[in-house]
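Please consult the sequence and the model shown below while reading.

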Amino acid sequence: VAQSIWFIRTQSLTYDEPQHICAGLEALHDGEFKSRDDHPPLGRMLYALPMLSTDWKCIDAVNDSNAQPERPDPETWALRARPMALLLGLATALLLWTEARRMFSEGAANFVLGLFAFLPQFLAHFSLATTDAPGTLMILAFVVQWARWRRNRSVGNMLLLGLLMGGAILAKFYALPLVP
C-alpha cells in the first residue's frame with residue numbers, strides 16, 4: 001500500500017488514464033456512455049466519482065484517443081482518481097484472504113496475501129486509473145461466488161452470482177465467464 005501511495009503521488013498519468021477518467025466524467029455528467037464505448041463503464045465511473053462535484057473539464061472530450069485534462073493540472077487528476085484503484089486493490093486482497101482462509105487456514109491465507117502484496121502486477125494495476133483493477137476484483141468475486149453456488153445452489157446464491165457476472169462484464173469486456 002505504501003509503495004502504491006508513493007507511485008500515485010510521484011508518477012505522471014499514463015497514456016490511457018486521462019481517457020478513462022474523462023469517459024467516466026462524461027458518463028456521470030451526461031448519464032450516457034455513447035462516445036467512449038471501447039471499455040465498459042464501471043471502472044471509469046468509479047474513477048470519476050471523486051471529481052463529480054467539481055467543474056473539471058477535458059479537452060477534446062469526444063475523441064477518445066486525445067482526451068486530456070483541461071483543468072486543473074494532470075497531477076491533481078491522478079491524486080483524485082488513482083486512490084480509487086488502490087481501494088479496489090485492497091478489496092481484492094481482502095476477498096482473496098477471506099476465501100483462502102475459508103478454504104484452507106489463516107496461515108495459508110496470510111501466505112496468499114503476502115504473495116499477492118508483492119506481485120508487481122498489484123503495484124502496477126492497482127495504482128493506475130485503468131479498467132484492470134475493477135476487472136480483476138469483479139472477476140475474482142464472480143469466481144468465488146460461482147464456487148459458493150456450486151456448493152450450495154440456493155436462489156440467493158444464484159441471484160448474487162448473476163449480479164457479480166453482470167458486474168464483471170461492466171468492469172471488463174473479456175470477463176464473459178467460460179464456465180464448463
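Which side chain meets that of Asp132 in a salt bridge? The partner is Lys172, with an N to O distance of 3.0 Å. Asp132 is partly exposed, at 22% relative accessibility, while Lys172 is buried, at 8%.

The model is predicted. Across the whole structure, a search finds 4 salt bridges. Three of the residues involved, Glu99, Arg102 and Arg148, are linked in a network. Glu99 forms a salt bridge with Arg148. This pair links distant parts of the chain, with Glu99 in helix H4 and Arg148 in helix H7 (residues 132-151), 49 residues apart. Glu99 also meets Arg102 in a salt bridge. Here both residues are in helix H4 (residues 74-103); because they are 3 residues apart, about one helical turn separates them. Glu99 is buried, with a relative accessible area of 7%, whereas Arg102 is partly exposed at 40% and Arg148 is partly exposed at 30%.

| Salt bridge | N to O distance |
|---|---|
| Glu99 and Arg102 | 2.6 Å |
| Asp132 and Lys172 | 3.0 Å |
| Glu99 and Arg148 | 3.3 Å |

Another buried residue is His20, with a relative accessible area of 2%. His20 is found in helix H2 (residues 17-30). Leaving aside residues up to four places away in sequence, His20 touches His39, Arg44, Ala129, Thr130 and Thr131.

Methods:
Residues numbered from 1 in each chain as written. Predicted model: local features only at pLDDT ≥ 70, side-chain atom pairs only at ≥ 80, totals over all residues. Heavy atoms only, no water. Helix = DSSP H or I, 4+ residues; strand = E, 2+ residues; numbered from the N terminus. Buried < 20%, exposed > 50% of the residue type's maximum accessible area, 1.4 Å probe, protein only. Contact = heavy atoms within 4.5 Å.
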